Structures are given as structure tokens and as C-alpha cells.
Amino acid sequence: MFDVPVKGTHAHSWIMSFPDELTAFRTYARLYPTACILLVDTYDTLKSGVPHAIQVFQEMRDAGIPLTFYGIRLDSGDLAYLSKKAKKMLDAAGFPDAVISASNDLDENLISSLKLQGAAINSWGVGTNLITSKDCPSFGGVYKLAAIKDKTTGQFIPKIKVSENAEKITNPGNKTIRRIYNKETGKIIADLICLTDEVYDSSESLLLFDPIETWKKTHLAPGSYTMRELMVPVFLSGTCVYESPRVMDIQKYCKQELSTLWEESRRLEYPHRTHVDLSLPLWKMKNELLDQYHHNS
């Protein structure tokens with residue numbers, strides 16, 4: 001949401017490169033009149049930053065410049081307290097629709113806390129904790145062979161890795177993933193890992209079951225659900241068939257996907273887990289290969 005600069009230290013340095021804060025704000029407003037978010041905590045948020053921001057907004061209004069997207073950003077201090085004080089000052093000056101943005105190493109826990117405190121913040125600048133994970137800074141990926149293609153028949157021959165740890169036993173075969181939604185609410189019911197040649201019809205009933213605790217079953221009545229394949233081809237027969245979407249299309253898609261999550265799945269403490277099940281044909285294939293392994297060993 002910020003054109004330049006978004007990082008706190010760099011933004012403060014940019015402001016301090018001018019003889020005073022007001023000059024810096026006026027320059028920024030001239031460069032970015034349609035995206036004028038002013039960083040107000042370089043010197044003193046309530047005594048200097050917010051009053052100078054208000055002055056610049058008033059000058060823009062007097063000059064006939066439309067205030068289409070404007071406001072302030074807080075990057076330090078007590079964000080809840082400062083945002084509420086700043087909101088009162090902006091409202092009193094006639095700018096009730098001004099954006100109040102916050103940054104400063106925000107994460108989901110801090111944002112939740114600020115909301116509980118009634119912070120007058122309506123834009124959240126999350127950077128560091130979005131691109132890095134403090135509790136797990138590296139993402140491990142493991143390659144495991146799931147199938148090989150027979151050169152003569154063109155059919156895939158399923159393969160499986162066996163382990164004493166159940167979570168390390170791989171799912172064999174040439175697979176895809178289908179997401180199942182409640183037709184009435186549009187919310188996610190479960191993800192189903194299945195073989196690529198399986199055919200499903202939402203006008204027929206569907207039985208889901210836990211692949212480990214198989215007695216846990218869910219029966220979906222005909223017409224009560226919809227399905228969507230999640231896998232998107234990137235290369236087919238050596239040719240790239242994928243076109244990278246625009247940033248705003250990605251944003252729109254993410255918002256649509258978030259709307260499919262149940263409220264119970266979005267809570268921070270003990271969220272509801274979305275189940276990932278195996279189709280019956282895949283589950284049977286997996287267990288047949290395990291039986292073969294134990295029979296031959």
C-alpha cells in the first residue's frame with residue numbers, strides 16, 4: 001500500500017534528509033497525491049507528525065487535490081494508544097476517512113492484541129513476519145518417488161516408501177488434489193488426495209474417511225457439495241502452459257480463498273483443522289503395496 005519507502009528505517013531516513021518534517025511531508029504529497037500515507041513517528045507522533053500530516057492534508061484539499069487515498073503510518077511506540085489519539089485528531093480536523101496504518105514487526109498475534117485493545121488501525125503493514133517465520137525460518141522439502149512410467153504401456157507404476165513412522169510413509173501413484181466445498185455456504189469441507197484418473201460427480205453421494213482412523217467417516221449427500229481440482233499444470237510435454245497472474249489477480253484470489261475458510265479455522269488459538277483425506281482407490285493402492293512389502297520381507 002506504500003509506494004516509497006515501506007521499510008521503517010529507510011522511511012525515517014528519507015524524512016530526515018529534508019530540513020524539517022513538514023517539508024518532507026509536502027514533498028511526498030506532491031510526488032504521491034493519490035497514495036499519500038505519511039510516516040508520522042520520526043520525531044514526535046502526536047506533537048509533530050500528526051499535526052503536520054493534518055496541515056498537508058488541508059493544503060491538498062484547499063488546492064483542489066482529491067484525497068482519494070491518504071492517511072498516516074505508525075511504526076513505533078504504543079500503537080493502540082497512538083492510533084486512538086491520532087484518530088481523534090484527524091476526525092476533529094475534518095479527515096474521518098484518513099487511513100491509519102501500522103507497521104513495526106507486526107504478526108497475527110500483535111494484530112489480534114491491537115484489535116482487542118480497540119486500536120483505530122485500518123491498514124496493517126506486515127513485512128518481516130510475512131516473508132520469514134521466526135519459529136521455523138526454513139521450509140524443508142523432501143523429494144520422494146511416487147510412480148514411474150512404463151515406457152512400453154505408458155502406464156504409471158506406483159511406488160511407496162515404507163517407514164516405521166507412519167507420517168513418513170508416502171502416498172503412491174500419479175495423484176492430484178481436489179478441494180471439496182459445502183455447496184450452500186461455499187466453505188471448505190476437506191481436501192481429497194486422489195489418483196488422476198478418478199472421476200467424480202457431485203450429483204452422486206461421496207464418502208470421506210480418515211486414512212488413519214478409518215472409522216471416522218463423513219457422508220456427503222448428492223448435490224450438497226462441489227469439487228475443484230487444485231493442481232494447475234505448468235509444463236505439458238515440455239512446453240510451458242502457465243501464465244503468471246497479475247499481482248491484483250493474486251490478491252483477489254487470496255481474498256476469495258480466505259472467504260472459504262470457516263470462522264473456526266481462522267481463530268488463532270486451537271483452530272479447526274481442514275481434513276486431508278485419501279480417496280478409496282488411493283487408500284486401497286497404498287495398503288496393497290504395504291501388504292506386498294510385508295509379504296515379501
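Predicted model: local features only at pLDDT ≥ 70, side-chain atom pairs only at ≥ 80, totals over all residues.
Residues are numbered from 1 along each chain as its sequence is written, and side-chain values use heavy atoms, with hydrogens and water left out.

Arg179 pairs up with Glu257 in a salt bridge at 3.4 Å, N to O; the term means a side-chain nitrogen of Lys or Arg within 4 Å of a carboxyl oxygen of Asp or Glu. That pair spans 78 residues, from strand 7 to helix 7 (residues 247-258); helices (H or I, at least four residues) and strands (E, at least two) are DSSP runs, numbered from the N terminus. Glu257 is buried too, at 17% relative accessibility. Glu257 also bridges to Arg228, with the closest N and O atoms 3.3 Å apart. Arg228 sits in strand 11 (residues 225-229) and Glu257 in helix 7, so this pair ties together parts 29 residues apart in sequence. Arg228 is partly exposed, at 28%. Through shared partners, salt bridges join Arg179, Asp191, Arg228 and Glu257 into one network.

Next comes Arg178, in strand 7 (residues 175-182). Arg178 is buried but has no salt bridge, and the nearest oppositely charged side chain, Glu229, is 4.5 Å away (Lys and Arg count as positive, Asp and Glu as negative; His and the chain ends are not counted).

Definitions and conventions:
Buried < 20%, exposed > 50% of the residue type's maximum accessible area, 1.4 Å probe, protein only.
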